[in-house]
Amino acid sequence: MPDFTSAPLLLALTAVLAYLLGSVPFGIVITRLLGLGDLRAIGSGNIGATNVLRTGNRPAALATLLLDAGKGGIAVLIARAALGPDAAQVAALFSFLGHLFPVWLGFRGGKGVATFLGTLLALAWPVGLAACATWAVTAAITRISSLSALVAAALAPVWLAVLGYPQMILLAITLGALIFARHSANIARLRQGTEPRIGKK
């Protein structure tokens, strides 16, 4: 029988490890390794794949996207395999927070979209695919990355409800609210019609 008295400690350890994994700033690591400069001084200054794309290096942007998504997904998969579904949700939240507030960068990180999608894919792959499809369709129509992220984040709780994962709705709402908060400047530019389109420097 499991030792439930150790569960809070194990969940706390899961949170710390997931946060540290989520804190790895792959966009900065990749651009520095490739000699593309300081990502925080390029374009929007964000550390995510969309800003890496502004360097003109598409493979670097793709690698950043996959690694930022992967760190969230891996944290979830390991936590679920070791400790179960509650730990998986803890890992999802804290890997996401690690990306947003990385200790290595003075707690100034990215906007969390790729990590959000990666955690959804690991938590409930049908929902993750639906969220990715939502992002892709919106991006194809509008060519605006931030709007695509906002639509995907807003609809994630709906996909969870429709596809039969109601126990994760609160987590999705929390992550979605953080994504909206991190996109406050983008939202202002969207209202003004000045938000840059995908691929523009």
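## Exposure and the predicted model

A residue counts as buried under 20% relative accessible area, exposed over 50%, and partly exposed in between. These words are used throughout this report on a predicted model.

## Two residues with positive phi

Most residues other than glycine have a negative phi. Take F107. Its phi is near 65°, a positive value, and F107 is not a glycine. Where does F107 lie? It sits in the loop between α5 and α6. Its relative accessible area is 48%, so F107 is partly exposed.

Now turn to R143. Its phi is also positive, at about 60°, and R143 is not a glycine either. R143 belongs to the loop between α7 and α8. Its relative accessibility is 42%, so R143 counts as partly exposed.

## Helix α1

Helix α1 covers residues 7-22, which makes 16 residues. At 1.5 Å a residue, they should span 22 Å.

Which residues of α1 are buried? They are T14, A15, A18, Y19 and G22. Seen down the axis of α1, these buried residues fall within an arc of 125°, so they line one face of the helix. An α-helix has 3.6 residues a turn, so residues three or four places apart point the same way.

The buried residues of α1 have cover. What covers them includes α4 (58-83) and α5. On the face turned away from the buried side, α1 carries the exposed residues L9 and L17.

## The nonpolar cores

How many residues make up the largest nonpolar core? It has 25. Those with the most contacts inside this core are V76, F96, F116, L120, L123 and I179. Several helices contribute. At least two core residues come from each of α5 (85-100), α6 (113-123), α7 (125-142), α8 (145-162) and α9 (169-182). Which helix gives the most? That is α6, with six residues.

Look closely at F96. Leaving aside residues up to four places away in sequence, F96 touches K111, G112, T115, F116, L175, L178 and I179.

Definitions and conventions:
Residues numbered from 1 in each chain as written. Predicted model: local features only at pLDDT ≥ 70, side-chain atom pairs only at ≥ 80, totals over all residues. Heavy atoms only, no water. Core = buried A, V, L, I, M, F, W, Y, C linked by side-chain atoms within 4.5 Å. Buried < 20%, exposed > 50% of the residue type's maximum accessible area, 1.4 Å probe, protein only. Helix = DSSP H or I, 4+ residues; strand = E, 2+ residues; numbered from the N terminus. Contact = heavy atoms within 4.5 Å. Expected span 1.5 Å × (residues − 1). Arc of directions from axis to C-beta.
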